[in-house]
Amino acid sequence: MPSPPAHPTRLRLEHVTGFEAELRSRHATEQVVWMILRKINSVLLVSPMAESLVVEVLDHLRARRRGLDGPATRSSYSDGELQRLIRRLRQEAAAIRDRVQSGQQLAERYRDAPDEMEVRRTRQMGGHLPSAARSNTYPVLFSNYLSWDATVRDWAQEVVATALTDAEDAAWQAHRQALARAGGHLRVIGGDPTPQRLEQEGVDSDAAERVAAGEQDAAWTTCADPDQHPETGRPCRTPSRLDCFHCGNCVITRDWTC
């Protein structure tokens, strides 16, 4: 070969198949090619040379040797079928090996830290050990059985923090959706609520006079137009004054700061 591998460990399948193709291109008879390949196999497949070869090369040479030994010893599988079968068997063996290793690691972890394994079971069971949960209320269960463990405390704090965050996000989302249906924004007046300042914030001039005079005050805020709700176009009949904070007519001034 023009650039042969420097060591048997570097021999790859493409080297072998390329060499075989080169042989066939140089020799007219298959008998000569088989004779050369048989001699090569007698060297490569013998220890310690065989231990230096990669698996793909070994498989190819062994399959080729069965063909070189004559039709009586050939397998009922084609070369492609045999390679696929060997590849599949290796994958299954690797999966079995991984499962065995995982089981060994799990057994070692339980032997070294059995309490940690119980905590993992606690988390999987929703925060309680099955035996203790049947005979205790949740406060007693946590105070006397689970609170001593730092992992359980961290997990409980994480659950509560996540629940509060989810509730806050849900409230903000509901507020945004309601406000989008009713005007889209609130008017917050930072300075004195004069008619001119209110008009700058988009309040009608007539309504600005009434708002500045306190004629349209609500329980918590003041209203730019109580006779026309932005969503319905009708006079506001909200069942709760807190709904004002979801309305585009809402005007918040420092006079109404709680």
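**Exercise 1. Salt bridges**

Task: State how many salt bridges a search of the whole structure finds, and examine the pair formed by Glu 22 and Arg 26.

Solution: The model is a predicted one. A search of the whole structure finds four salt bridges.

Step 1. Apply the distance cut-off: a side-chain nitrogen of Lys or Arg must lie within 4 Å of a carboxyl oxygen of Asp or Glu. For Glu 22 and Arg 26, the closest N and O atoms are 2.8 Å apart, and the two form a salt bridge.

Step 2. Glu 22 and Arg 26 are four residues apart in helix α1, so about one helical turn separates them.

Step 3. Glu 22 has a relative accessible area of 35% and is partly exposed, whereas Arg 26, at 63%, counts as exposed.

**Exercise 2. Two further salt bridges**

Task: Find the N to O distance for Glu 92 with Arg 88, and the distance between the closest N and O atoms for Arg 97 with Asp 98.

Solution: 

Step 1. The side chains of Glu 92 and Arg 88 meet in a salt bridge at 3.3 Å, N to O. These residues are four apart in helix α5 (residues 79-112), which means that about one helical turn lies between them. Glu 92 is partly exposed, at 38% relative accessibility.

Step 2. Arg 97 and Asp 98 form a salt bridge in which the closest N and O atoms are 3.1 Å apart. Arg 97 is partly exposed, with a relative accessible area of 46%; Asp 98 is also partly exposed, with 36%.

**Exercise 3. Helix α1 against helix α2**

Task: Describe how the axes of α1 (residues 13-26) and α2 (residues 30-44) cross, and which residues make the contact.

Solution: 

Step 1. The two axes come within 9 Å and cross at roughly 145°. The crossing of α1 past α2 is right-handed.

Step 2. From α1, the contact is made by Phe 19, Glu 20, Leu 23 and Arg 24; from α2, by Glu 30, Val 33, Trp 34, Ile 36, Leu 37 and Ile 40.

Step 3. Sorted by type, the contact residues are seven nonpolar, three charged and no polar.

**Exercise 4. Strand β3 and its partners**

Task: Which way do the side chains of β3 (residues 250-253) point, and in what sense does β3 pair with β1 and with β2?

Solution: 

Step 1. In a regular strand the side chains alternate between the two faces of the sheet. In β3, Cys 250 and Ile 252 point one way and Val 251 and Thr 253 the other, and all are buried.

Step 2. Strand β1 (residues 187-189) pairs with β3 in the parallel sense over three bridges. Arg 187 stands opposite Val 251.

Step 3. Strand β2 (residues 222-223) runs antiparallel to β3 and is joined to β3 by two bridges. Cys 223 has Cys 250 as its bridge partner.

Methods
Residues are numbered from 1 along each chain as its sequence is written. This is a predicted model: local features need pLDDT of at least 70, side-chain atom pairs count only at pLDDT 80 or more; totals for chains, interfaces and linings use all residues. Side-chain values use heavy atoms; hydrogens and water are left out. Buried means under 20% relative accessible area, exposed over 50%, partly exposed in between (1.4 Å probe, protein chains only). Two strands pair if DSSP finds at least two bridges between them. Axes are lines fitted to C-alpha atoms, for helices over the stretch in contact, and angles run from 0 to 180 degrees between N-to-C directions. A crossing is left-handed if the near helix is turned anticlockwise from the far one by less than a right angle, and right-handed if clockwise. Contact means heavy atoms within 4.5 Å. Ala, Val, Leu, Ile, Met, Phe, Trp, Tyr, Cys and Pro count as nonpolar, Asp, Glu, Lys and Arg as charged, and the others, Gly among them, as polar.
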